[in-house]
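Please read each point with the coordinates open beside it.

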Amino acid sequence: MESKPPTHPNYPPPWGEAGEDGISRDALKRLALLSAITAALGAAVGVVAFLLFRLIGLITNLCFYGQWSFAENEPTTAHLGIWVIVIPAIGGLLVGLLAKFGSPKIRGHGIDAVIEAVLYNRSRVDPEIAFLKPTSSAFVIGTGGPFGVEGPIIQTGGAVGSIIGQAMHLTASERKTLLAAGAAAGLAATFSTPIAAVILAIELILFEYKPRSFIPLVVATTLATTVRFLLMGRAPIVSLGAVDFGFVAQIPWYLALGVLAGFAAAGFVKALAWFEDGFEHVGEALGIDDIWWPALGGLILGLVGYFVPRTLGSGYGTIADLLNGRLPLLVVALILVFKPLVTLIALGSRTSGGTLAPMFMTGAAVGGVFAFAVNALFPAAHLSPGACAVLAMAAFFGTAARAPFAFIIFAFEMVRSYDAILPLMLVVVVAHGIGLATMKHSVMTLTLSRKGLRVNQEYEADVFRHVTVGWVMDEEPITIGADTQVAELSARIARGEPGLLKHPAFPLVDKQSKLVGIVTRGDLVKAFDRDPSGRTTVLKAGTANPEVAYPDESVEAALSRMLRRGCGRLPVVSRDDPVKVVGYIGRAAVLNARLVRMAEEYEREPGWLAKWKQGSARS
């Protein structure tokens with residue numbers, strides 16, 4: 001159930017009304033508090049990531065190698081033979097049990113649950129998620145599930161941040177900052193990509209860019225990455241050698257690669273919806289309870305993994321091979337066909353695990369096959385399979401997630417080569433354009449949209465902060481003498497006197513035309529209830545010493561004052577003379593601020609040629 005704030009709150013401004021040029025002293029104190037909390041949170045999430053890696057290593061070694069070891073290892077068919085088919089089904093069954101008797105929110109990749117908590121539950125996450133999500137994902141990945149650890153760590157970090165915010169009775173916005181910081185710390189601790197983690201949190205979770213969120217995000221990811229270095233070393237999770245991107249001669253091919261990656265990403269997202277529907281229809285037709293769905297998906301995964309072992313597990317080693325161009329065409333083609341297939345089946349079965357690793361592998365395979373095909377048909381192209389794999393990997397997931405900027409930086413942090421910047425920007429943006437034209441929802445918001453929840457991944461600066469009161473106010477307000485009787489003003493309104501029907505409230509002035517109050521039509525009705533003769537003055541009926549606005553302040557500042565006081569209009573006074581009425585601003589005028597942005601979006605001015613023709617005609 002969506003949690004809603006009070007209708008007419010009388011909130012103090014927690015981040016200050018120092019507002020136009022900076023933040024208040026109280027806001028700085030809150031920012032310092034949040035930064036201190038996120039420092040501890042980032043370090044804790046770094047430890048959680050380390051423990052989850054080790055737990056997955058233990059389960060993998062027990063299931064596929066029959067040994068007690070926490071070392072990272074890839075699932076293999078060498079020791080089990082045909083029995084490898086059963087192992088992923090066992091992991092899926094455990095997830096089904098945890099979802100049934102623990103929390104159904106552990107299903108899926110986890111990032112969608114974080115977004116839902118931010119947008120529709122005031123950044124509140126159930127405490128049990130912090131334990132159940134990493135546990136369920138460890139079972140799935142350790143038994144050969146085709147997922148990465150990043151999604152579970154992101155959801156776990158976000159859950160821990162939210163729990164801390166709830167325990168400390170922070171505001172919803174501050175909880176959102178902690179939730180996003182925990183999620184970003186999880187991604188940074190997984191891939192050693194702190195910059196991309198910050199940007200991804202802004203693009204997918206926060207939907208804002210403010211000091212109160214950006215600074216804690218950076219603190220959390222820095223601490224999480226530092227802890228990762230201490231516990232797991234400085235080596236990235238995917239090691240890359242030298243990659244030749246070329247670029248100038250390869251621009252036409254990279255444009256084609258961007259188009260291919262964009263269509264591939266759109267196809268993956270649409271296929272995911274189809275597989276989710278397929279499992280529901282099959283389950284309902286056969287009467288299979290959803291507790292068994294992950295086990296069924298695991299059984300299919302085990303069958304495919306028996307013939308194509310590289311589809312099992314997170315596959316970070318395989319991703320490294322793809323990005324370094326170490327795999328032959330046949331192996332890359334098999335990965336391109338079967339890795340997305342088992343990923344879609346597993347996600348459709350409502351199991352638990354992260355999508356970054358399998359989609360990275362799929363995107364890298366798209367780039368590798370593209371390079372092999374172009375070089376075979378046009379030997380002079382000399383495309384690097386590794387370079388194409390890196391570019392397509394970033395473009396594929398950046399498009400599917402609608403987070404292109406984050407994955408440009410993500411791939412750059414992995415490659416750590418400035419030669420990659422221009423090709424990455426080109427390929428990712430081309431793919432993103434294709435995705436915008438062909439995808440209605442992203443892989444991160446698909447599940448939410450199917451629940452009927454709306455997620456707008458575009459955001460911009462609030463127009464209310466850029467438009468001043470002077471732009472939208474009524475510059476010729478109707479003022480009423482403070483000693484006017486209620487009956488007289490009511491009669492003038494009833495006669496339809498020009499101007500009086502225009503506004504629901506009127507500034508009140510004394511004989512020197514100085515502002516002394518404001519009266520609304522509702523005040524007049526209440527005054528008649530108290531004194532049917534209507535001889536009460538409008539000043540006694542209305543409000544003395546009202547809230548005011550100033551022409552040079554933002555509409556946002558005036559609107560905030562209206563909301564806090566529960567009123568719908570403000571007299572506008574001069575800064576130099578705070579009792580001189582120079583205008584009037586109501587709710588309608590506030591909405592007119594939107595017209596400024598709409599005019600910028602849709603009104604086209606005549607070009608220079610048209611202006612020249614108009615000038616020639618006048619002369």
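This is a predicted model: local features need pLDDT of at least 70, side-chain atom pairs count only at pLDDT 80 or more; totals for chains, interfaces and linings use all residues.

1. Leu260 counts as partly exposed, because its relative accessibility is 37%, and this leucine belongs to helix H9, which covers residues 251–286. Leaving aside residues up to four places away in sequence, Leu260 touches Val366 and Phe370.

2. The mean pLDDT of the protein is 86, with 93% of the residues reaching 70 or more. Confidence is highest in helix H16 (residues 421–438), at a mean of 95, and lowest in helix H25 (residues 608–618), where the mean is 55. Over residues 14–21 the pLDDT is below 50, yet this stretch has 19 contacts in the model beyond its near neighbours in sequence.

3. As to the overall picture, the protein has 25 helices and six strands, and its C-alpha atoms fill a box of roughly 100 × 70 × 50 Å along the principal axes. Of its 619 residues, 52% count as buried. Among contacts between residues at least 6 apart in sequence, 75% join residues that are at least 24 apart.

4. Thr362 is found in helix H13, which runs over residues 356–377, and it counts as buried because its relative accessible area is 4%, which falls under the 20% cut-off.

5. Helix H11 (residues 316–323) deserves a separate look, since seven of its eight residues are buried and the helix is therefore largely enclosed by the rest of the structure. The buried residues are Tyr316, Thr318, Ile319, Ala320, Asp321, Leu322 and Leu323. They pack against helices H5 (150–167), H6 (172–191), H12 (329–348), H13, H14 (385–401) and H15 (404–415). Gly317, also found in H11, counts as partly exposed because its relative accessibility is 33%. The C-alpha atom of Gly317 is separated by 7.0 Å from that of Val238, which is 79 residues away along the chain. Just after H11, Gly325 takes a positive phi of about 65°.

6. Two residues other than glycine call for a check of their backbone angles, given that most residues other than glycine have a negative phi. His382 has a positive phi of about 55° and is placed in the loop between H13 and H14; with a relative accessible area of 64%, this histidine is exposed. Arg402, whose phi is likewise positive and near 55°, is found in the loop between H14 and H15, but this arginine counts as buried, at 18% relative accessibility.

7. Four strands form an open sheet of mixed pairing, in the order E1-E2-E3-E4. Its edge strands are E1 (480–481) and E4 (543–544), each of which pairs on one side only. Strand E3 (residues 515–520) runs antiparallel to E4 and is joined to it by two bridges; the bridge partner of Ile518 in E4 is Thr543.

8. Strands E5 (residues 569–573) and E6 (residues 581–586) pair in the antiparallel sense over five bridges, and the bridge partner of Val572 in E6 is Gly583. Why is E5 described as largely enclosed by the rest of the structure? Five of its five residues are buried, so the strand is largely enclosed. Arg569, Pro571 and Val573 point one way from E5 while Leu570 and Val572 point the other way, with all of them buried.

How values were computed. Residues are numbered from 1 along each chain as its sequence is written. Side-chain values use heavy atoms; hydrogens and water are left out. Buried means under 20% relative accessible area, exposed over 50%, partly exposed in between (1.4 Å probe, protein chains only). Contact means heavy atoms within 4.5 Å. Two strands pair if DSSP finds at least two bridges between them. pLDDT is the predictor's confidence in each residue, from 0 to 100.
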